[in-house]
Amino acid sequence: MINLLKRNLGSDFYVHEDIEEEQYKIRVYRKTKNDISQDVYVELQYNEEQSNYQLLLMERDKEFSRGSFMTKSDGVFALALYAEAILGSEKYDLQTQRQILKIDPQDTSLLSNLISSKVGSQYFSIFQNKRKVINLARVTGENDLYNIFYLTPNLEKVNLVSNREAPSAFLVLYNFSEDLKNFTELCNKWKVDVQPDMNTEERVRRLFLGK
């Protein structure tokens with residue numbers, strides 16, 4: 001699994017495996033040229049008492065739990081995708097972002113066409129709630145205020161931004177749609193070698209989106 005982790009993450013990350021007598025840890029750091037940033041990193045730690053793998057975000061000696069996983073395979077999958085989300089570089093198209101910020105607040109057709117061409121229509125929905133995509137909904141009684149949310153497979157609404165004015169709300173829709181696309185592509189790469197169940201995949205998708 002360590003070699004798979006190193007191969008799939010690539011040269012932008014440094015992976016360290018720490019095997020001690022009573023504890024097992026895998027840490028992922030961000031690399032910049034030959035330097036390793038140690039202020040923020042992601043760690044997978046085996047919890048012997050609970051017989052599971054704990055995913056942790058470490059920020060300047062502070063520890064934040066991001067969930068637990070029953071198998072090493074699921075834990076490494078979560079570690080890799082979460083490391084990409086937290087430590088990876090943003091991949092948004094600045095030109096597209098500028099175009100979106102110039103869209104008329106009422107011109108959602110232009111918005112839809114633009115995001116479809118840049119990201120893909122399968123990652124977002126405007127005014128029609130769809131599962132496993134980023135949704136844009138107009139706030140009731142308001143013309144220029146929008147809510148952006150992710151809808152889970154079991155129809156749980158995960159709020160991303162509320163009561164945001166356009167075109168700023170449109171930009172949020174684009175950014176999260178791009179994030180969801182990136183997650184899907186990375187997830188498909190990992191599925192060549194590991195088979196996370198639907199629950200694990202959904203949990204990691206939420207982590208990737210920051211929710």
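This is a short tour of the structure, stop by stop, with something to select at each one.

**Before you start**

You are looking at a predicted model, in which local features need pLDDT of at least 70 and side-chain atom pairs count only at pLDDT 80 or more, while totals for chains, interfaces and linings use all residues. Residues are numbered from 1 along each chain as its sequence is written, and side-chain values use heavy atoms, with hydrogens and water left out.

**Stop 1: the whole chain**

Show the protein chain as a cartoon. It holds 6 helices and 9 strands; helices (H or I, at least four residues) and strands (E, at least two) are DSSP runs, numbered from the N terminus. Along the principal axes, the C-alpha atoms fill a box of roughly 60 × 40 × 35 Å. Of the 211 residues, 48% count as buried. Buried means under 20% relative accessible area, exposed means over 50%, and partly exposed lies in between (1.4 Å probe, protein chains only).

Among contacts with a separation of 6 or more, 44% are between residues 24 or more positions apart, where contact means heavy atoms within 4.5 Å.

**Stop 2: the five-strand sheet**

Hide the surface and select β1 to β5. These 5 strands form an open sheet in the order β1-β2-β3-β4-β5, with antiparallel pairing; two strands pair if DSSP finds at least two bridges between them. At the edges are β1 (13-19) and β5, each pairing on one side only. From one strand to the next, the twist averages 25°. Axes here are lines fitted to C-alpha atoms, for helices over the stretch in contact, and angles run from 0 to 180 degrees between N-to-C directions.

- β2 (residues 24-32) and β3 (residues 35-47) are joined by 7 bridges. Pick Arg 30 and you will find its bridge partner, Ser 37, in β3.
- β3 and β4 are joined by 8 bridges. Tyr 41 stands opposite Met 58 in β4. The hairpin has 4 residues between the strands, and Ser 51 takes a positive phi near 55° there.
- β4 and β5 pair over 6 bridges. Gln 54 stands opposite Ser 68 in β5. This hairpin has 2 residues between the strands, and Arg 60 takes a positive phi near 50°.

While you have β4 highlighted, check its cover: 7 of its 8 residues are buried, so β4 is largely enclosed by the rest of the structure.

**Stop 3: helix α5**

Select residues 168-190, which make up α5. This helix has 23 residues and reaches 33 Å from its first C-alpha to its last, close to the 33 Å expected at 1.5 Å a residue; the expected span is 1.5 Å times one less than the number of residues. Of those 23 residues, 18 are buried, so α5 is largely enclosed by the rest of the structure.

**Stop 4: helix α6**

Move on to residues 198-208. Here 8 of the 11 residues of α6 are buried, so the helix is largely enclosed. Among the buried ones are Glu 201, Val 204, Leu 207 and Phe 208. Their cover includes β4, β5, α2 (72-87), β8 (145-151), β9 (157-165) and α5.

Zoom in on Thr 200, which is in this helix. Thr 200 is buried, with a relative accessible area of 4%. Leaving aside neighbours within four places in sequence, Thr 200 is in contact with Phe 69, Asp 74 and Phe 77.

Now look at both ends. At the N-terminal end, Asp 197 caps α6, with a side-chain oxygen 3.2 Å from the backbone nitrogen of Asn 199. Just after the helix, Gly 210 takes a positive phi of about 85°.

**Stop 5: Pro 105**

Finish in the loop between α3 (94-101) and α4 (108-118), where you will find Pro 105. Pro 105 is partly exposed, at 23% relative accessible area. Not counting residues up to four places away, Pro 105 touches Asp 144, Tyr 146, Ala 166 and Phe 170.

Terms used:
Polar contact = N/O pair within 3.5 Å; in protein donor to acceptor, adjacent residues only side chain to side chain.
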